[in-house]
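Thanks for making time this morning.

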Amino acid sequence: MSLIDLSRVSSPKLPRADGLIPWIVPLAIILIWQLACVTGFVSARVLPAPSDVALAGWKLLLSGELARNIWVSFWRASVGFLIGGSIGFSFGLANGLSHLSNKLTDTTLQMVRNIPHLALIPLVILWFGIDESAKLFLVALGVFFPIYLNTLHGIRTVDPQLIEMGRIYGMTDGELFRRVIFPSALPSIFVGLRFALGIMWLTLIVAETIAASSGLGYMAMQAREFMLIDVVVLSILIYALLGKLADSASRALERLTLSWHPAFQKH
Amino acid sequence: MQEALRFLSPGAVPVHRADFVERARLLRRSPEAQARGLSLTIRGLHKSFGDNEVLRGIDLHILAGQSVAIVGRSGCGKSTLLRLIAGLETITSGTISLGEDARPEDIRVMFQEPRLLPWARVLSNVEVGLGRERNSPDAQARAESALVEVGLADKRSQWPAVLSGGQKQRVALARALVSQPRVLAFDEPLGALDALTRISMQRLLERVWHDQGFTAILVTHDVAEAVALADRVLVIEDGRIAEDFSVDIPRPRQRGSAELAALEGAILKNLLEGTEDTSDL
């Protein structure tokens, strides 16, 4: 902590340089990779040069194929996430607030949780075929558990002293939830959110590689059929960027809602 | 005089000094403050947790606007008594009466921990103390004046996390004061503070008690603090009131004076007498 603070104090005039530091390592990797390919150290049949990958991306972009596939994958990811996330959040709230609900459903959910959801792919294909609902189902199922578990944990670990304080000051159940329980559970809910975002991409890519007729995963599989390694690498890089984007979005949301938290305070 | 004597109820433990001395002292306050405090009568109070009987018959009468300290060893039941008065526990048997017109907002508690909401700014934390009136249009103005009272008006838009321990406790005091309570119960409110902060907090507590005229009940393990702040010190032992000292020393009290030290010594001696083995004190 103190080291970070010191560096902030010593370089207050370089906020732009500060923002660039995290990108030094990825850029260096791309540079070394390009050099290795150009000098022939790595064969183009094993790993195409970054410039070739960029070229392949440019071609796909011009044909409209890239944008369409990214959009399809993005749509599947967000709809699946919204469905699974809201169900997980509701169960987390219900089981955190009500003992009856917890007794009724928690054991079942814990059993289901221990089934790797990707193991359901054969069954899901039999049920839904290879259309959209199969992908949405898998993403929703994968996202459900981290959100559920962390919401439940957040609500369970609310400081009982604060709840007692709320009661003394005459808060109703609704006010107690809004002013004490929910804000207190929020940091834990965000942990669940970020786990869920990771699982969301993982599930979607696996589902799209196995059973799909569009999307990024499908694009990568098609490229493999035709030995287009540059497109395969392009797909992988896009996954990395999309993952980073989702993570940045959740971090921004965290900073916005958790500004009270000492870990998010700017000095 | 006649009126003062009426406060001596038959079941109460007798107070060493005549009550009119206390009444006379309280008369020096503003008339508004005088009328605010509630008197408190406890009769035959028992409290058990399972088989463990914590309070074994407490009879007590506290005058309106009086400041009473409750001292005792840890586990003697002093905090339980306070929590029963504040309505945080259910009574096993006996009665606690605060007068017929007492409302839940009239009694407020301050704990050893400030118990502030970390996600609410200082001013919102104080507004919590208004109870059901926190949505009224003057809520903010009242919270601000409570913050002025504890000397933290400039911290109104800070997060609690950036305040020091003493400042947090002052915000908690402002939150307790904002609804203008008629009884204020303190459960070791200064227990977690360093020595210098403690002394300035004691002065602050004494001042707001004097200005606002609520009935103050202070549970503490610090006998010096009890004699510095209270009109009356109760020693609790084995779930009963073992001793009832009247602190008849005029305010403002000189910290470290011989009178206070003598009384403190007497109370400590009384506390230590209970057992042969003093190592567990």
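Predicted model: local features only at pLDDT ≥ 70, side-chain atom pairs only at ≥ 80, totals over all residues.

From the N terminus on, the elements of chain A run α-α-α-α-α-α-α-α-α-α-α-α, and the count is 12 helices and zero strands, where helices (H or I, at least four residues) and strands (E, at least two) are DSSP runs, numbered from the N terminus. The radius of gyration of chain A, taken over C-alpha atoms, is 23 Å, well over the 18 Å that the globule rule (2.2 Å times the number of residues to the power 0.38) gives for 267 residues, so chain A is more spread out than a compact globule.

Residues are numbered from 1 along each chain as its sequence is written, and chains are lettered from A and ligands numbered from 1 in the order in which they are written.

The C-alpha trace of chain A spans about 75 × 60 × 30 Å along its principal axes, and 33% of the 267 residues count as buried, meaning that 20 or more other C-beta atoms, placed from the backbone, lie within 10 Å of a residue's own.

Turning to the partner, 13 residues of chain A are in contact with 15 residues of chain B, contact being C-beta atoms, placed from the backbone, within 7 Å. Helix 9 (160-168) and helix 10 (173-210) of chain A each supply at least two residues of the side that touches chain B, and the largest share, five residues, comes from helix 9 of chain A.

How values were computed: Contact = placed C-beta atoms within 7 Å. Buried ≥ 20, exposed ≤ 12 C-beta atoms within 10 Å, placed from the backbone.
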